[in-house]
Amino acid sequence: IDWLAVTYSGALTGALTIVTSVSLAAMIFSGNLSGHLAYGINIALITAAVTGLILPLAGSSDFSISIPQDRIAPILAIMATGIAAAAPPSATDDQVFLSIVVAIVATTLITGAFLLGLGLARAGGLIRFLPYSVLGGFFAGTGWLLVIGGLRVMTGQELDSLAGLIQLAEPDLLLRWLPGLAVALVIIVASRMISSAIALPLILAAGAGLFFFIMLRNGQTLQTLEQGDWLLGPLQSGGFGIFEFSLPQLLVRGDWSIVFAQWANIGTVVVITAVSIILTVSALEMLSGSDIDMNRELRVTGIANLAAGLVGGMVGFHSLSFSSLTLELRARHRASGIIAAVIAGAAL
């Protein structure tokens with residue numbers, strides 16, 4: 001075992017997991033909910049630490065990395081926006097936020113129970129019965145939600161109508177999202193032309209460095225960038241602790257009637273998660289050239305999400321890109337995923 005490669009792989013994927021967790025939290029808790037972003041980051045990091053630790057330890061794959069999922073975050077963002085819009089005028093900001101957390105935790109627990117049931121029923125082979133048209137629509141739909149979510153994070157605008165999309169052409173908003181589009185295009189091109197596993201973190205670091213170089217050269221300061229909504233934050237502190245959103249706390253303080261109103265979104269998350277895991281594990285089998293027990297992965301992922309839900313986390317499962325990164329770095333060992341989870345826990 002090359003422990004240097006394993007340690008480097010774990011540290012790299014751990015750092016990228018933190019970036020991913022912050023990004024997904026910003027997508028869910030955007031707009032009027034941005035005041036609770038700090039707690040949203042906690043929720044994502046809880047998932048990264050809990051599911052990221054359980055999957056490498058108990059799964060059949062020795063190189064899988066588990067993170068909060070970008071395919072799920074757009075659905076949770078829709079859920080959060082709907083709950084905030086439906087809240088009575090008398091509801092306080094904290095009450096609305098707790099209702100959103102209740103729905104997220106309930107979604108995680110229901111998804112975990114469903115995955116565990118699939119694994120126990122040995123239903124992993126159901127992927128053979130999914131038509132290509134359904135799979136194509138699934139990827140196109142989740143991709144579109146990610147695009148809209150990314151634009152919402154960059155611009156702060158609600159893009160749920162044609163008028164909202166037309167607003168993107170305004171000069172002030174162009175400055176917000178065109179640089180993000182440029183970074184995305186660079187990542188796409190680099191992923192096809194550069195085989196090195198460190199291409200993505202280098203692009204992210206270069207993009208951030210270029211941003212600060214240009215802004216500071218133009219007379220901006222960190223304070224003015226924060227005030228102008230160019231940076232996350234300032235992250236507010238309040239009356240909630242890190243594990244304030246554990247199930248025992250939410251059973252007492254949360255409004256669980258909100259869960260029933262979100263049954264359609266919760267069902268969507270359950271289906272997307274199950275299909276994503278089956279597809280991702282199948283892809284990892286091909287990349288690694290080894291057999292992975294699909295039903296065991298479903299059972300372990302179900303248990304991991306049940307554990308994450310109990311301490312206030314969101315849905316998390318295998319990351320195709322991070323797991324393949326571990327393979328590229330020749331760090332095929334369970335310790336890589338464990339190190340990444342520990343780093344996420346340290347950040348939490």
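Good morning. Axes here are lines fitted to C-alpha atoms, for helices over the stretch in contact, and angles run from 0 to 180 degrees between N-to-C directions. Helices (H or I, at least four residues) and strands (E, at least two) are DSSP runs, numbered from the N terminus.

The model is predicted: local features need pLDDT of at least 70, side-chain atom pairs count only at pLDDT 80 or more, and totals for chains, interfaces and linings use all residues. Residues are numbered from 1 along each chain as its sequence is written, and side-chain values use heavy atoms, with hydrogens and water left out.

I begin with the helix pair. Helix 1, residues 3–28, packs against helix 2, residues 37–58, at an angle of about 135 degrees, and their axes are 8 Å apart. Helix 1 is therefore oblique to helix 2; angles under 35 degrees count as roughly parallel, over 145 as roughly antiparallel, 65 to 115 as roughly perpendicular and the rest as oblique.

Which residues make the contact, meaning heavy atoms within 4.5 Å? Helix 1 contributes Thr17, Ile18, Ser21, Val22, Ala25 and Ala26, while helix 2 contributes Leu37, Gly40, Ile41, Ala44, Leu45 and Ala48. Nine of these residues are nonpolar, three polar and none charged. In that classification, Ala, Val, Leu, Ile, Met, Phe, Trp, Tyr, Cys and Pro count as nonpolar, Asp, Glu, Lys and Arg as charged, and the others, Gly among them, as polar.

I turn to the cavities. On a 1 Å grid over the protein atoms alone, a cavity is a set of points where a 1.4 Å probe fits but cannot get out, and lining residues have an atom within 4 Å of a point. Grid points are joined across faces, edges and corners, and a volume is the space filled by probe spheres set on the points.

Searching the whole structure gives two cavities of 30 Å³ or more. The largest holds about 40 Å³, and its lining includes Thr17, Ala48 and Pro56. Helix 2, strand 1 (66–68) and helix 15 (334–347) are the elements that give two or more residues to this lining, which divides into six nonpolar, four polar and no charged residues.

What is the volume of the second largest cavity? The value is about 30 Å³. Among its lining residues are Ala25, Gly40, Ala44, Leu76 and Met314. Helix 2 provides the largest share of that lining, three residues. Eight of the lining residues of the second largest cavity are nonpolar, one is polar and none is charged.

Thank you.

Definitions and conventions:
Contact = heavy atoms within 4.5 Å. 1 Å grid on protein atoms, 1.4 Å probe; cavity = no way out; pocket = protein on both sides within 12 Å on 5 of 7 lines; lining within 4 Å.
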